[in-house]
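Me: I'd like to go through this model with you, starting from the overall layout and then moving to single residues. Can you take my questions as they come?

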Amino acid sequence: MHLTESPEHLLEPERVFAGKPPFGDLTRQDTILQGYLVAEAPLFGEIHFPFQSRIHPQGSQARLEALPLPDPPAFWAELEGRGKVVGGGIDYQLTLRIHATLPQGEKWGGRALGRLAEAAFERNVERVLERLTKV
């Protein structure tokens, strides 16, 4: 995705993506970026997917490395990618992995409901990420 951001913001993703869905709070301490992604899911409501990543500056480029969470909750994410300064802005290529642990239904109805919730949640995450690329 290409964002018309000033090149000096390459190493400031907490500023570049602040307030843009699907990102919730974003903070950076030195080279560690922390935050969460927000998604709506039927039956679950608003879900926060915390993540932690390290920024590796490489001249006019930067690499974002996903870091493991110390105690991952039931819903969490891994965010990694690359950014580079390109005439008039910054190009980003992001990879997102969503992890969700859903309770297992003991009967066929509960398992079917779980599969339905997973499918609906996946569609919602795809829509939110698609909106981000259009910002």
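Predicted model: local features only at pLDDT ≥ 70, side-chain atom pairs only at ≥ 80, totals over all residues.

Me: What share of the residues is buried?
Reply: Of the 135 residues of the chain, 36% count as buried. The chain exposes about 8,200 Å², and carbon and sulfur atoms supply 52% of that area.

Me: Which strands pair with β7?
Reply: Strand β6, residues 75–86, runs antiparallel to β7 and is joined to it by 12 bridges, while strand β1, residues 2–3, is also antiparallel to β7 and is joined to it by two bridges.

Me: What does the turn between β6 and β7 look like?
Reply: The hairpin has two residues between the strands, and Gly88 takes a positive phi near 80° in it.

Me: Changing topic, which residues have the most contacts inside the largest nonpolar core?
Reply: That core has 20 residues, and those with the most contacts inside it are Phe17, Phe23, Leu26, Leu37, Phe49, Phe51 and Tyr92. The elements that give two or more residues to this core are β2 (23–29), β3 (32–41), β4, β5 (61–67), β6 and β7, and β4 gives the most, with four residues.

Me: How many aromatic pairs are there?
Reply: A search of the whole structure finds four aromatic pairs. In one of them, the rings of Phe49 and Phe75 have their centres 5.8 Å apart and their planes at 80°, so the pair is edge-to-face. This pair links distant parts of the chain, with Phe49 in strand β4 (residues 45–58) and Phe75 in strand β6, 26 residues apart.

Me: Are those two buried or exposed?
Reply: Phe49 is buried, with a relative accessible area of 1%, and Phe75 counts as buried too, because its relative accessibility of 16% falls under the 20% cut-off.

Me: Which rings form a cluster?
Reply: Ring pairs link Phe17, Phe23, Phe51 and Tyr92 into a cluster, and these four residues are among those with the most contacts inside the core.

Me: Where does Ala66 sit, and what does it touch?
Reply: Ala66 lies in strand β5 and is buried, with a relative accessible area of 14%. Leaving aside residues up to four places away in sequence, Ala66 touches Gln52, Ser53, Glu78, Leu79 and Glu80. Ala66 and Phe51 are 15 residues apart in sequence, and their C-alpha atoms are 7.8 Å apart in space.

Me: Last one, is Thr101 buried or exposed?
Reply: Thr101 counts as exposed, because its relative accessibility of 56% is over the 50% cut-off. Its place is in the loop between β7 (89–100) and α2 (108–133).

Me: What does Thr101 touch from there?
Reply: Not counting residues up to four places away in sequence, Thr101 touches Ala74 and Phe75, the latter being the residue whose ring pairs edge-to-face with Phe49. Thr101 and Pro73 are 28 residues apart in sequence, with 8.6 Å between their C-alpha atoms.

Terms used
Residues numbered from 1 in each chain as written. Heavy atoms only, no water. Buried < 20%, exposed > 50% of the residue type's maximum accessible area, 1.4 Å probe, protein only. Contact = heavy atoms within 4.5 Å. Pairing = 2+ DSSP bridges. Phe/Tyr/Trp six-rings, centres within 6.5 Å; stacked < 30°, edge-to-face > 60°. Areas by Shrake-Rupley, 256 points an atom, 1.4 Å probe, with all protein chains shown as cover. Core = buried A, V, L, I, M, F, W, Y, C linked by side-chain atoms within 4.5 Å.
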